[in-house]
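Hi,

Here is the structure I promised to pass on. Have a look at it first, and then read on for what turned up in it.

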Amino acid sequence: MTLTTPDVLSAWGYLSVPGPLWRTLLRLGAWVEPVLVAEWARLIRGYAVRMGRACSPGEIEAQLVWQEPARDTALARLVAARLAEAGTPPICVWSNMPLRLDTLDIDHGLPWSAWPCGDLWNLFPASRRVNQHEKRDRLPSAAALARAREPILTWWHAVGDADAALTDRFWAEARAALPVAADSSYEAAFSGLEWRRLRVSQDQQPPEWQGRTAAVP
């Protein structure tokens, strides 16, 4: 059996999609996807007829139902708990304040509502007050993200130091979603995060969060 490794996939060649077309497809995805699903189902149904195979109504469409990504922050929370047990409590990336486990939230830096991504590079420790009552599901502004640079880098290093397997996962996910090379540094990954934030802002146009407005008790 052949594994679908990057080398195997690249052997089939590359497909280049113009940037404007790709961004248009992202914006109109809610309308484009149903059309593609319906057309693909029609095509497969035609194949089935020519092959003499019975195909019940809705059977093909059921196989094409989109599986929503699972929203899971358990791994990042486990790393935060390890840090606390080691005497180095995690820091809220948005307020730069140390966190207790009973006031800890794991925040999706790029909000789930605009970018449903549970990759390690997008999961940050945050004060529950900040996450649930201030930032909520808004996209951090460029300035707010820049101010959080050092706490985010500190957290990423902590994730990598916690477990070698987490380091491998972090970089595999980062390379898949951010414009970073295989041998990139965490600083380069942060630049990639800034780029991704800009893309989400331009493509999805979610409401932005300008940063802290009050002290965290």
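Before the overview, one term: two residues are in contact when they have heavy atoms within 4.5 Å of each other. Bear in mind as well that this is a predicted model.

With that in hand, the overall picture. Among contacts between residues at least 6 apart in sequence, 68% join residues at least 24 apart in the protein chain. The chain has 10 helices and four strands, and going along the sequence they come in the order α-α-α-α-α-β-β-α-β-α-α-α-α-β. If you draw a box along the principal axes, the C-alpha atoms fill roughly 70 × 40 × 35 Å. Of the 217 residues in the chain, 35% are buried.

H8 covers residues 149-162 and H9 covers residues 164-177; their axes are 5 Å apart and meet at an angle of about 130°. That angle is why H8 counts as oblique to H9. On the H8 side, the contact is made by Trp156, Val159, Gly160 and Ala162, while H9 brings in Ala164, Leu166, Thr167 and Phe170. By type, the residues of this contact are six nonpolar and two polar, with no charged ones.

Helix H10 comes up several times, starting with two serines. Serine 201 sits in H10, which runs over residues 186-204. Is serine 201 buried or exposed? Its relative accessible area is 17%, so serine 201 is buried, the cut-off for buried being under 20%. Setting aside neighbours within four places in sequence, serine 201 has contacts with Leu139, Pro206 and Glu208.

The other serine, serine 191, is also found in H10. Serine 191 has a relative accessible area of 43%, so this one is partly exposed. Serine 191 and arginine 149 are 42 residues apart along the chain, and their C-alpha atoms are separated by 9.7 Å.

How many cavities of 30 Å³ or more does the whole structure hold? The search finds one. The volume of the largest cavity is about 30 Å³. It is lined by Leu26, Trp115, Arg196, Arg199, Val200, Asp203 and Gln204, and H10 gives the most to that lining, with five residues. Sorted by type, the lining residues are three nonpolar, one polar and three charged.

Last, some backbone angles to check. Most residues other than glycine have a negative phi. Which way does phi go at asparagine 96? Asparagine 96 has a positive value, near 65°. This residue is in the loop between helix H5 (74-85) and strand S1 (104-108). With a relative accessible area of 51%, asparagine 96 is exposed, given that exposed means over 50%.

Arginine 136 is another residue other than glycine with a positive phi, in this case near 50°. You will find arginine 136 in the loop between helix H6 (128-135) and strand S3 (139-140). Its relative accessibility is 43%, so arginine 136 counts as partly exposed.

That's the lot from me.

Cheers

Technical notes. Residues numbered from 1 in each chain as written. Predicted model: local features only at pLDDT ≥ 70, side-chain atom pairs only at ≥ 80, totals over all residues. Heavy atoms only, no water. Axes fitted to C-alpha atoms, helices over the stretch in contact; angles between N-to-C directions. Parallel < 35°, antiparallel > 145°, perpendicular 65-115°, else oblique. Nonpolar A, V, L, I, M, F, W, Y, C, P; charged D, E, K, R; others polar. Buried < 20%, exposed > 50% of the residue type's maximum accessible area, 1.4 Å probe, protein only. 1 Å grid on protein atoms, 1.4 Å probe; cavity = no way out; pocket = protein on both sides within 12 Å on 5 of 7 lines; lining within 4 Å. Points joined across faces, edges and corners; volume = space filled by probe spheres on them.
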